Structures are given as C-alpha cells and as structure tokens.
Amino acid sequence: MLGLMQDFPLLVHRVLDHAARWHGDTEIVSRAVEGPIHRTNYRELNARSRALADAVQKRLGVKPGTIIATMAWNTWRHMEIWYGVMGVGAIVHTLNPRLFADQLAYIVNHAEDQWIFTDLTFVPLFEKLQDRLPKVRGFVVMTDRAHMPETTLRNPVCYEELIAEGDAGFEWPDFDENTACGMCYTSGTTGNPKGVLYSHRSNVLHGLMCALGDAMAISGRDRIMPVVPMFHANAWSIAFSGPLSGASMVMPGAKLDGASIYEMLNEGKVTITAAVPTVWLMLLHYLEQNPHLKLPHLDRVVIGGSACPEAIMKAFVEHYGSDVIHAWGMTEMSPIGTLGVKSAKAAELPSAEWWKVKLKQGRPPFMVDMKITDDVGKSLPHDGRTFGRLKVKGPSVARSYFKGEGNDAFDAQGWFDTGDVATIDEYGYMQITDRAKDVIKSGGEWISSIELENIAIGCSGVQEAAAIGLPHPKWDERPLLVVVRKPGSNVSREDVLAHLKGRIANWWMPDDVVFVEEIPHTATGKISKLALREQFGDYRFTS
Ligand code: AMP
C-alpha cells in the first residue's frame with residue numbers, strides 16, 4: 001500500500017525557491033572577480049537564476065541533459081548558474097582551474113561539455129586551450145559589458161547580457177528527482193580522472209544532511225562562507241545547505257590569501273566557514289603576524305579535504321574561541337562522510353580524552369553508512385586500533401562513474417571502496433590512517449604517514465610536513481619526513497626528531513628528515529605524495 005502523501009520531487013531549485021520566499025531579504029555578499037564587494041539577496045538571486053534558465057534555453061540551446069561547464073570562483077554569479085542550469089534539467093560540470101591543461105582538455109572532452117561559463121580570470125587559459133576542445137560551442141564570460149575583454153574565444157557571450165535576455169518570471173519545470181544535475185571529476189592521481197554525476201535527489205538529501213545539528217548545524221541565523229571552492233567536491237554542499245537553512249552566504253571570490261580571507265570573515269560577519277587545512281594555515285599565519293586581529297563573529301570552522309593537524313585546531317579553539325569540526329569525505333560522496341562532533345557518550349569524556357577523539361575524522365550522520373574490512377572483504381572490529389579498507393553506502397554516494405569507467409571500486413552489495421585506510425573506535429569515530437597507496441609499509445606493519453605529519457607540524461618552526469615511504473633493503477619501506485620551515489626559523493633535523501620522540505612508537509621514527517622550500521600540492525590542495533616520491537626517487541637511506 002502506498003502512502004497518501006504529496007508527490008514533491010526533491011529538486012534543487014526548490015531549495016532556492018524556499019530561500020527566496022521565506023528568507024528573501026537574506027544577504028549574499030561576494031567579492032566580485034572585478035574587485036568590489038557585491039551584495040544581493042535570495043529574492044534577487046532566484047529571479048536572476050530563473051532569467052538565466054530561460055536565456056540558456058533560448059540563446060544557447062540548452063536542453064534537459066545538456067552538460068554545461070563552469071570555471072569560476074565562489075560568487076553570487078556561480079550560484080545563479082548552478083540553480084539556473086540545474087533548474088532546467090541540464091547539468092553543471094565544475095572545472096578545477098588548478099588542473100593541468102592536459103587534464104582539463106581530457107575532462108571537458110570526456111564529459112562532452114557544450115558551453116563553458118568562465119570567470120574573467122580564466123579567459124586567457126581558454127583562449128589557449130579552446131582548439132583542443134572541439135565540441136564546446138562557445139564561452140559565456142561571467143561579467144558585464146563594461147568589463148568584457150577583447151577576446152579570441154569562440155562565440156563569446158557576455159553573462160549580464162545573457163541574463164538580461166531571460167524572463168525573471170520563468171516557471172521551473174517539474175521532473176524526476178533522480179535527474180542528473182551536477183558533475184565533478186575526481187583528481188585522478190592514478191589513471192584518468194573519473195566523472196561523478198550528482199542527482200537532484202542526492203544533492204537535496206546531502207544538503208539537508210550537512211545542515212543537521214550533529215553535522216554543520218546550519219541555521220537561518222548563520223552567515224556561512226564556503227572557502228572550499230564550488231569547483232571542488234560540490235563545495236561540501238554549502239551552496240545547497242546554506243539556502244535551504246536560510247543562512248546568509250558570504251562568497252570569497254578569487255582572493256584566498258590570509259589577509260583577504262580575514263577581511264571577508266569580518267566584512268561578512270561570518271559565523272561558520274569551511275575549507276582545507278592549507279587555507280587555515282595561511283589565515284593563522286596572517287593572524288600571527290597581526291596579533292591585534294581577532295575573529296569575533298566566527299563560531300565554528302569546518303576543516304577537511306586532508307587531515308586537520310592538532311596545531312590548527314588548537315589555534316582556533318584556544319586562541320580565537322572558534323570551534324573546529326573536522327570532516328572527512330570525497331567527491332564520490334557529495335562529499336561529506338563524517339564529522340567530528342560530540343556524541344552523548346563522547347561528551348562524558350574528560351577534556352584531554354575528548355581532544356584525542358576530536359582529532360579523528362568523526363562519525364557518519366544519517367544517510368551515510370560505513371564499515372572497515374580486510375582485503376578479502378571481512379568486516380573488522382570497531383576497537384580504534386584495527387586498520388581496514390573504508391567502505392561506504394548512502395543516497396549521496398556514487399554507484400558508478402560517468403561512462404562506467406573505474407567501476408571496480410563498487411561491489412555487488414552496493415559498498416563503495418573509498419581507497420582510504422581507517423580505524424573506527426568504540427564511540428563510532430572514524431580515523432583515516434592513510435590513502436591505501438600512501439601508507440608506509442615497514443617490516444610487514446603499517447605506519448600512518450598522516451599521523452607523522454600531524455605530529456611533526458606541532459614542532460615549533462615547522463610550517464608544513466609530509467611523510468613518504470621510501471625503499472629500504474631490510475624493512476621494505478621506511479619513512480622519510482620532508483619539512484618546510486616557517487619563515488625565519490632554523491629548526492633542525494634533531495629538533496624535529498626530538499619532538500616526535502615519545503609521541504609515536506619508536507619504530508615509526510622517520511629514518512631521516514630533509515628540509516625543502518616547498519612541498520608539492522595537487523589541484524585540490526592535498527600534499528602530492530606522487531610528486532614527492534618522484535622528487536626523492538634517488539634518495540637512499542644510509543643505514
Ligand atoms: P576529494 O575527492 O578530492 O575530496 O578527495 C578525497 C580524499 O581526501 C579522501 O578519500 C581522503 O583520502 C582525503 N581526505 C578528505 N578529508 C580528509 C580528512 N579530514 N582527513 C584525511 N584525509 C581526508
């Protein structure tokens with residue numbers, strides 16, 4: 001027997017309709033790519049998204065299922081494109097400008113993107129790349145007529161002129177909630193990048209999940225700043241969770257250095273923000289240099305994408321009075337999988353014990369299920385010590401990659417193998433030990449490169465640290481610790497080793513510590529272990 005409730009498909013444009021109708025005056029503050037601070041609200045954003053929806057159909061020939069790419073910073077215009085394009089049943093494919101030209105060309109051609117919406121910043125990039133993108137019909141430059149550059153781009157369209165051609169009273173169509181609406185490629189550290197295709201339903205459910213009290217706890221009183229870009233991992237759902245909660249949005253635009261982020265946090269009176277650890281390292285460094293500056297409005301900071309070092313967490317919590325929520329996830333999970341918030345049981349722990357748990361990646365909210373298994377798929381205990389392959393399930397977890405490539409990560413029971421190695425403790429907190437391919441295998445045992453890095457970064461004078469396993473004649477692999485010193489510091493190999501001693505098992509001690517000017521990062525801000533292993537390919541341990 002079917003229930004007698006209304007059929008109300010979970011479509012993302014309904015999120016924006018809600019925000020416009022019930023939080024119409026709520027502000028969206030952005031740093032425009034052209035420079036100035038721009039202010040709009042949900043009512044205007046909804047009207048402009050509807051006008052865009054109308055115009056892309058009439059002028060660009062967009063139809064349900066058409067894939068439209070964006071290469072854009074977090075601004076109000078990027079939000080209009082998400083809602084306007086998704087709202088007609090077409091798909092927004094976000095491109096990461098930090099990818100190499102070859103990868104970008106591969107991704108755009110593989111996805112068969114029809115049009116590319118680009119911020120002014122990336123016009124020169126596409127002028128060079130466009131000959132390798134034969135299926136792209138043209139480019140919409142996200143600016144007004146006054147800022148439209150002279151360009152050799154094929155079929156250049158001015159964004160503000162395009163919107164002006166559309167009808168702000170356009171009526172959204174209704175369609176199946178399982179229709180695709182967003183696309184994001186994984187960074188492809190092994191093999192070609194793979195496409196993840198989100199649906200309206202998965203995005204709405206995931207947006208709701210992220211707003212939950214034991215997730216990011218987003219309310220209509222919040223002012224939320226996603227520093228995490230809309231071109232990486234669905235912006236951690238914030239472009240959906242914010243509007244569905246009626247929260248004010250603060251969009252940082254193209255400037256992501258410490259001073260600019262600080263300015264937006266204060267200018268926008270931001271209460272909650274989210275980004276990868278490297279962004280927070282830059283902000284904290286800026287604040288350290290300007291000790292009179294405070295973060296009076298900031299209540300909580302969501303940190304994920306790579307493991308959050310204790311030093312960052314403590315600086316926010318103990319020095320600036322903002323809580324930190326450590327989160328883990330991946331593009332294939334829309335992306336959130338766990339959040340490090342207090343469960344009722346964990347709330348009973350003494351402070352020092354809770355800190356140990358808080359550093360872990362956290363617990364799954366409703367709609368994510370997870371388990372750890374050995375290599376043959378047997379489930380492993382939740383004892384906080386046993387490492388296993390982390391597998392996940394849920395309505396916002398991919399069930400296949402676009403065009404079916406790389407599908408060996410999905411098993412017949414519907415579990416997706418994340419490629420991460422993790423423990424789960426008695427309180428249900430998951431801790432990432434490593435990417436399966438980065439774990440250091442020494443004498444048949446595993447050493448967590450992430451843990452070495454997190455502890456090393458707590459040593460004064462250390463700005464950034466990366467641990468890699470290098471071949472060793474006796475132990476198979478041994479850890480090498482690569483360190484970037486803080487400006488002006490002369491921290492030595494012996495200082496770093498003395499800091500690690502007693503904080504890790506003796507056999508985990510790196511066989512050597514080397515200093516470099518810079519550690520290579522991937523397009524999504526993670527330490528590139530692949531590049532580091534290549535860089536130190538000729539390195540040999542002396543004993
Ligand atoms: P991406 O799809 O680019 O977001 O990358 C996902 C991967 O980033 C995960 O599979 C993890 O290896 C890593 N990752 C994400 N969040 C964390 C975290 N909080 N701690 C450790 N690793 C993380």
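Trainee: Where does Lys403 lie?
Mentor: Lys403 sits in the loop between strand 17 (388-393) and strand 18 (416-424). Keep in mind that this is a predicted model.

Trainee: What is phi of Lys403?
Mentor: Near 65°, a positive value in a residue other than glycine.

Trainee: Trp236, buried or exposed?
Mentor: Buried, with a relative accessible area of 4%. The cut-off for buried is under 20%.

Trainee: Switching to helices. At what angle do helix 7 and helix 8 pack?
Mentor: About 70°, with the axes 8 Å apart. Helix 7 is therefore roughly perpendicular to helix 8. Helix 7 covers residues 200-211 and helix 8 covers 238-245.

Trainee: Which residues make the contact?
Mentor: Helix 7 contributes Asn203, Val204, Gly207, Leu208, Cys210 and Ala211. From helix 8 come Phe240, Ser241, Leu244 and Ser245.

Trainee: How do the residues of that contact divide, nonpolar, polar and charged?
Mentor: Six are nonpolar, four polar and none charged.

Trainee: Last one. What kind of peptide bond joins Ser334 and Pro335?
Mentor: A cis bond, with omega about 10°. Pro335 is in the loop between strand 14 (323-329) and strand 15 (336-339).

Definitions and conventions
Residues numbered from 1 in each chain as written. Predicted model: local features only at pLDDT ≥ 70, side-chain atom pairs only at ≥ 80, totals over all residues. Heavy atoms only, no water. Axes fitted to C-alpha atoms, helices over the stretch in contact; angles between N-to-C directions. Helix = DSSP H or I, 4+ residues; strand = E, 2+ residues; numbered from the N terminus. Parallel < 35°, antiparallel > 145°, perpendicular 65-115°, else oblique. Contact = heavy atoms within 4.5 Å. Nonpolar A, V, L, I, M, F, W, Y, C, P; charged D, E, K, R; others polar. Buried < 20%, exposed > 50% of the residue type's maximum accessible area, 1.4 Å probe, protein only.
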